[in-house]
Amino acid sequence: MKRRLISLLLVLAVLLAFAPGNVIGPGGVNAAEPDKLVTDEGFVYQDNGDGTATITDYDGTATDITVPNEINGLKVTTIGRSAFENKDLTKVVIQDGISIVGVGAFQNNKNLTEVKIPESVTEIGGVAFQFTGLKEIYVPSKVSNVQYVRPTYAVKAVVSSDNPYFTAVDGIVYSKDMKKLVICPGKKSGEVVVPDGVTEIGDKAFAGVLSLNGIILPDSVTEIGNSSFWIVGGNQSFRIPESVEIIGEGNFSTKGLVIGKKGSRAEAYALEKGCAFMEEKCDFEDVSLNNFYYNAVVWACQTEPAVTSGVDSTHFKPLSTCNRAQMITFLWKKAGCPEPVNNENPFTDIDEDTFYYKAVLWGKERNIVAGKTEDKFAPLDPCTRGQYVLFLWRMNGYPRAYIDTCPFSDVDMNTDLGKAVLWATSTRITQGITDTRFGTKRVINRAQAVTFLMRNTSWGN
């Protein structure tokens with residue numbers, strides 16, 4: 001009898017535990033969950049027992065919120081780990097007085113495009129704003145750890161002028177004295193030219209930043225930290241100055257290319273890690289270290305067989321228009337100068353004694369290029385961006401893109417050109433001339449031509 005009574009009491013307890021009615025009692029206490037404290041706005045908090053509170057969750061429905069600095073007489077000091085994760089937020093204002101923003105506090109809010117962080121904040125967790133829509137990320141005056149800047153979709157970091165540890169140049173965080181590049185935002189794009197005077201690239205400074213087309217290091221750099229360039233670019237090239245003495249672990253890819261001086265630390269590192277190495281030789285007066293195409297020019301002239309050379313011994317003419325004859329010759333040489341299978345020439349404007357004769361026949365028989373008409377190749381006509389990526393795409397075997405949607409209004413996705421553009425942008429061979437236009441009809445120059453081709457090259461296994 002006693003055992004039966006105990007069993008009935010246990011059943012009753014279970015039924016009561018799962019009974020409906022999440023009633024919020026006086027003082028913000030949830031009647032169904034006595035230990036859960038919730039405000040009318042849906043902020044779930046914890047009384048820390050010292051007059052302060054930590055916000056631990058959010059049960060509200062608003063998407064534009066202000067995180068309070070006081071709840072029921074308690075001073076809110078901390079936004080807890082993952083407190084606002086995946087809440088469909090669009091805008092957040094953190095009130096002054098809050099000092100800690102926990103790890104993952106606002107992550108996975110893809111429509112969150114604006115966050116106001118007060119100067120009272122002293123600590124921000126590593127992935128506090130990961131996978132949000134923020135384009136700009138702020139570093140307050142008292143924050144001394146900026147690792148949260150990288151794992152965001154931000155393209156720009158802004159640092160308080162009163163911060164004694166850091167400053168920002170072109171959206172990238174540096175030490176206050178500009179001796180160390182500390183961190184790059186996760187969606188920084190284009191080329192990064194590191195200012196002269198910087199001596200150190202910090203640990204994980206560019207780790208996982210996939211949207212960059214190139215990083216130019218000055219000759220003042222002496223140290224590259226651990227994983228500073230981890231998976232950046234994959235098959236991209238890096239010029240490592242002769243001044244660099246220390247290169248940490250986890251840098252570069254075995255499918256990447258290291259360019260440097262013979263006998264330098266760069267060459268030794270490449271040999272140690274199985275990276276391709278190319279000796280840096282560039283005597284062109286019109287190509288400088290700060291040009292985005294510097295590595296590509298070195299590669300194009302030094303690779304075997306050379307893709308191209310200068311127009312003379314001291315000039316490359318990087319801004320000169322690349323015509324269709326030059327373009328197909330670049331591709332042919334990149335392929336190793338293969339002989340055409342047959343010598344049937346359908347084009348009346350291509351002579352056997354021209355430098356591009358075999359290249360045109362090779363490209364035509366492999367369906368890489370076609371003539372402007374059935375019997376005219378138009379070798380001296382300018383090559384456009386659209387034509388070049390289309391020919392590259394065909395030479396690569398019509399590969400699929402890594403993305404499904406095309407942001408460019410001037411590209412028809414139902415055409416081969418559309419597929420080629422999508423592939424070229426997804427592999428970062430090139431990007432659009434704006435966010436919404438690819439510029440298919442824009443003429444390319446020699447610098448762009450060798451740069452596109454180098455980015456389409458993979459070294460190693």
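Which residues lie nearest the centre of the second largest pocket? In this predicted model, Phe292, Arg385, Thr430, Gln448 and Phe452 hold that position among the 13 residues that line the second largest pocket. The space in this pocket amounts to about 250 Å³. Sorted by class, the lining of the second largest pocket comprises six polar, four charged and three nonpolar residues.

The structure holds two cavities of 30 Å³ or more, and the largest cavity contains about 180 Å³ of space. Of the 18 residues that line the largest cavity, those nearest its centre are Gly214, Ile215, Ile216, Phe292 and Asn295. At least two lining residues of the largest cavity come from each of β18 (212–216), β20 (237–239), α3 (294–302) and α8 (446–455). The largest share, four residues, is supplied by β18. Eight nonpolar, seven polar and three charged residues make up the lining of the largest cavity.

Helix α3, one of the elements that line the largest cavity, is mostly covered, with seven of its nine residues buried. These buried residues are Tyr294, Asn295, Ala296, Val297, Val298, Trp299 and Ala300. Their packing partners are β20, β22 (257–260), β23 (276–279), α4 (324–334) and α8. In helix α5 (residues 357–365), the buried residues are Tyr357, Ala359, Val360, Leu361, Trp362 and Gly363, and they pack against α4 and α6.

Helix α6 takes part in a further contact, with helix α7. Two packed helices are described by the angle between their axes and the distance between the axes. For α6 (residues 385–395) and α7 (residues 416–426), the angle is about 80° and the axes are 8 Å apart. Because angles of 65 to 115 degrees count as roughly perpendicular, α6 is roughly perpendicular to α7. On the α6 side the contact is made by Gly386, Val389, Leu390, Leu392 and Trp393. On the α7 side the contributors are Asp416, Leu417, Lys419, Ala420, Val421, Trp423 and Ala424. Nine residues of this contact are nonpolar, one is polar and two are charged.

Several backbone features were also noted. Most residues other than glycine have a negative phi, and most peptide bonds are trans. Met178, which is not a glycine, has a positive phi of about 60° and is found in the loop between β14 (172–175) and β15 (180–183). Its relative accessibility is 23%, so Met178 counts as partly exposed. Arg428 likewise has a positive phi, near 60°, and is found in the loop between α7 and α8. With a relative accessible area of 12%, Arg428 is buried, because the limit for a buried residue is under 20%. A positive phi near 60° also belongs to Asn367, which follows α5. Finally, the peptide bond from Glu304 to Pro305 is cis, with omega near -10°, and Pro305 has its place in the loop between α3 and α4.

How values were computed: Residues numbered from 1 in each chain as written. Predicted model: local features only at pLDDT ≥ 70, side-chain atom pairs only at ≥ 80, totals over all residues. Heavy atoms only, no water. Axes fitted to C-alpha atoms, helices over the stretch in contact; angles between N-to-C directions. Parallel < 35°, antiparallel > 145°, perpendicular 65-115°, else oblique. Contact = heavy atoms within 4.5 Å. Nonpolar A, V, L, I, M, F, W, Y, C, P; charged D, E, K, R; others polar. 1 Å grid on protein atoms, 1.4 Å probe; cavity = no way out; pocket = protein on both sides within 12 Å on 5 of 7 lines; lining within 4 Å. Points joined across faces, edges and corners; volume = space filled by probe spheres on them. Buried < 20%, exposed > 50% of the residue type's maximum accessible area, 1.4 Å probe, protein only.
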